[in-house]
Amino acid sequence: MRRRLPALLVMTATALSAQDSPAEKLLARKDPLVIAHRGSSAHAPENTLPAFNLAKEAKADLIELDYYHSKDGQPIVFHDKTLDRTTDAVARWGGAKIPVESKTVMELKTLDAGRWFDARFAGTPLPTLAESLDCIQAGSVTLIERKGGDAATCAKLLQSRGEVNKVIVQAFDWKYLADFHALEPKQILGALGPPSTRDGKKLTDEEKMLNAQYIREAKASGARVIGWNNKVTKESVAAAHATGIDVWIYTVNKPEEANALLDKGVDGIITDDPALIRKTIGARK
Ligand code: G3P
Ligand code: CA
């Protein structure tokens with residue numbers, strides 16, 4: 001459970017921003033957040049509009065997506081570096097390991113991003129970031145994860161749509177977060193970890209545990225949320241809370257795992273099945 005701020009501070013922050021910012025309201029909530037990972041990706045192809053619509057039906061508090069830049073510099077929603085796993089790119093164009101960043105948005109829009117999951121979703125296109133925001137922001141809040149591309153392009157897109165701080169932006173690359181923070185200090189940012197390497201060396205499981213140094217570095221990047229895997233303890237979650245940072249955990253699809261993490265005090269569960277985790281949280285009350 002997140003730490004309580006002094007009443008005066010809460011009142012001031014509320015007066016300044018919460019009324020206009022659904023993202024601020026989410027961080028102010030006391031109950032754990034349900035965050036749909038790539039949409040309701042247990043039930044529809046990840047990072048597509050059908051997955052986002054199902055997540056809205058499941059009343060997800062936030063809907064996560066991933067984006068890269070297309071060859072012509074447009075943010076396009078997609079998880080992997082290459083198109084092979086979740087589209088018909090290889091069948092259409094031949095070859096293998098086709099980078100998403102090597103195709104224009106017009107080319108990417110011709111792909112089928114649904115059939116790999118189930119024939120019912122055949123013909124589902126990759127959405128652009130703008131199309132995804134149109135869908136998700138009408139009823140939920142977008143958790144944008146940057147996989148590729150610069151901070152200025154995303155910041156500009158949000159500015160042009162009047163959506164700065166109406167979404168949350170997260171990244172594994174904390175330099176990107178610092179750049180975003182410099183451009184738009186009020187935008188809520190999430191620092192994802194653990195890193196898989198440091199100074200070119202693979203980290204051990206012990207080194208991947210959330211610790212005071214990670215929390216300090218996340219804070220220095222401008223982040224107000226840490227998104228971590230299950231390598232957290234009750235103590236490390238409390239240490240993050242003591243610095244004003246919330247902790248969300250990915251990717252949790254089993255009620256017993258969600259319950260164990262919630263017992264450690266985490267503030268949000270990132271899941272492929274938001275309906276199941278909503279039910280799990282409801283059963284704790
Ligand atoms: O939201 C965090 C989570 O999505 C990070 O991992 O690989 O699913 O993007 P990944
Ligand atoms: Ca992601």
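The calcium ion (ligand 2) is held by three side chains, with Glu64 (OE), Asp66 (OD) and Glu145 (OE) coordinating at 2.1 to 2.2 Å. Donors here are N, O and S atoms within 2.8 Å of the metal (3.2 Å for Na, K and Ca), and water is not among the atoms, so sites may look incomplete. This is a predicted model, in which local features need pLDDT of at least 70 and side-chain atom pairs count only at pLDDT 80 or more, while totals for chains, interfaces and linings use all residues. Residues are numbered from 1 along each chain as its sequence is written, chains are lettered from A and ligands numbered from 1 in the order in which they are written, and side-chain values use heavy atoms, with hydrogens and water left out.

Along the chain, the donors of the calcium ion follow the spacing E-x1-D-x78-E. The two glutamates bring distant parts of the chain together: glutamate 64 sits in strand β2 (residues 62-69) and glutamate 145 in strand β4 (residues 141-146), 81 residues apart. Helices (H or I, at least four residues) and strands (E, at least two) are DSSP runs, numbered from the N terminus. Both glutamate 64 and glutamate 145 are buried, where buried means under 20% relative accessible area, exposed over 50%, and partly exposed in between (1.4 Å probe, protein chains only).

Glutamate 145 has a side-chain N or O atom 3.0 Å from a ligand 1 oxygen, and for the side chain of glutamine 170 the distance is 3.0 Å. Taken alone, ligand 1 exposes 290 Å², and the protein buries 89% of that (Shrake-Rupley method, 1.4 Å probe).

Then there is helix α11 (residues 255-263), where Ala258, Leu261 and Leu262 are buried. Seen down the helix axis, the buried residues fall within an arc of 100 degrees, so they line one face of α11; the arc is taken over directions from the axis to the C-beta atoms. They pack against β10 (246-249), β11 (268-271) and α12 (274-284), with contact meaning heavy atoms within 4.5 Å. After α11 comes glycine 265, with a positive phi near 95 degrees.

Lysine 285 lies in the segment after α12 and is exposed, with a relative accessible area of 77%.

Technical notes
A polar contact is a pair of N or O atoms within 3.5 Å; within protein, one must be able to donate a hydrogen and the other to accept it, and residues adjacent in sequence count only if both atoms are side-chain atoms.
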